[in-house]
Amino acid sequence: MKLDLFRLMAVEIPFSEKEMKEMKIDVQVEKVVQKAISGFKRKTDRLAEIAQPVIKDVYEKQGAMYENILIPISDGKRIYNIATNLKEAYESGSKALVKSFEKSILLHTIDEDWKEHLREMDELRHSVQNASYEQKDPLLIYKLESFSLFKIMVNDINSKAVSILMRGQIPVQDPKNVRQAAPEQKTDYSKYRTQKDEIEGGPSSNGSPRQPEQRKLEPVRVEKKVGRNDPCPCGSGKKFKNCHGQGA
């Protein structure tokens, strides 16, 4: 627990092992949450303190050139370029930058995990088709497995977002290297499809239960049988029994 807490939130457990054994679970959780909140507040105050001189310099010297700027923030693994309004960041003492940091990390984490979740759902859609060979309902299995995948995704989003927010720090930044933020690009999710409606028994586009596709039956065509006394089809003029029908 101690290592997991430090790895995830970069905070120490606020009680000893002996105290933990005597505490109820809800009391332990409350103490850890309060410790994490106070640690996060110190972290964000430090972020604003480091960023403010750079933002102040850019605003006073190049404020007419920029509306939104990019501030790099790193969690020790990768660098995230956080877009923030220059005027709002300057007037708020970089508190607006902290809000932009929180918003950007949450949206970025949700975006990445959601796309991965849709890919997993698409793979699940293909794999459950084999359940019908085991006399199982593919739609029921799809619902159970998809709910499990959704819970895993939510837990992963929470863990990643908290870890990045608790470890975020601003590298040494030269005001000359500050650049304007490009317009925000929205992710097109139309190419990511769970395609649940394609599962046998799933709902159709109008909401009604989808019926299994029925194959159109073709009529069985039987050629007319040649009688023994009929003319032979070969065109010899002989009866079939005396020509190609001998021994038939």
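At 36% relative accessibility, E116 counts as partly exposed. The cut-offs are these: buried is under 20% relative accessible area, exposed is over 50%, and partly exposed lies in between, with a 1.4 Å probe and protein chains only. E116 forms a salt bridge with R119, and their closest N and O atoms are 3.0 Å apart. A salt bridge here is a side-chain nitrogen of Lys or Arg within 4 Å of a carboxyl oxygen of Asp or Glu. R119 is partly exposed too, at 39% relative accessibility. E116 and R119 are three residues apart in helix α5, so about one helical turn separates them.

This is a predicted model: local features need pLDDT of at least 70, side-chain atom pairs count only at pLDDT 80 or more, and totals for chains, interfaces and linings use all residues. Residues are numbered from 1 along each chain as its sequence is written, and side-chain values use heavy atoms, with hydrogens and water left out.

Now step back to the whole chain. It has six helices and two strands. Both are DSSP runs numbered from the N terminus: helices are H or I with at least four residues, strands are E with at least two. Along the sequence the pattern reads α-α-α-β-β-α-α-α. The chain has 248 residues, and buried residues make up 30% of them. Its accessible surface comes to about 18000 Å², and 52% of that belongs to carbon and sulfur atoms. These areas come from the Shrake-Rupley method with a 1.4 Å probe; for residues, only the protein chains shown count as cover.

Contacts tell how the chain folds back on itself. A contact means heavy atoms within 4.5 Å. Take the contacts between residues at least 6 apart in sequence: 61% of them join residues at least 24 apart.

Return to helix α5, which spans residues 95-127 and holds D113. Is D113 buried or exposed? D113 is buried, because its relative accessible area is 7%. Which residues does D113 touch, leaving aside neighbours within four places in sequence? They are M153, D156, I157 and K160. W114 also lies in helix α5. At 31% relative accessibility, W114 is partly exposed. W114 and F150 are 36 residues apart in sequence, yet their C-alpha atoms are 9.3 Å apart in space.

The phi of S94 is near 70°, a positive value in a residue other than glycine. S94 is buried, with a relative accessible area of 0%.

Next, look at how two helices meet. Two packed helices are described by the angle between their axes and the distance between the axes. Helix α3 (residues 25-62) and helix α6 (residues 138-167) pack at an angle of about 50°, with their axes 9 Å apart. That makes α3 oblique to α6. Angles under 35 degrees count as roughly parallel, over 145 as roughly antiparallel, 65 to 115 as roughly perpendicular, and the rest as oblique. The axes are lines fitted to C-alpha atoms, for helices over the stretch in contact, and angles run from 0 to 180 degrees between N-to-C directions. On the α3 side, the contact is made by A36, G39, F40 and K43. On the α6 side, L165, M166 and R167 take part. These residues divide into four nonpolar, one polar and two charged. Ala, Val, Leu, Ile, Met, Phe, Trp, Tyr, Cys and Pro count as nonpolar; Asp, Glu, Lys and Arg count as charged; the others, Gly among them, count as polar.

Helix α3 also carries charged pairs. Side chains of opposite charge can pair when their charged atoms come close. K56 and E60 meet in a salt bridge of 2.9 Å, N to O. They are four residues apart in helix α3, so about one helical turn lies between them. K56 is partly exposed at 37% relative accessible area, and E60 is partly exposed at 49%.

K61 and D57 form another salt bridge, with the closest N and O atoms 3.2 Å apart. Why are K61 and D57 about one helical turn apart? Because they are four residues apart in helix α3. K61 is exposed, with a relative accessible area of 65%, whereas D57 is partly exposed at 22%. A search of the whole structure finds 11 salt bridges.
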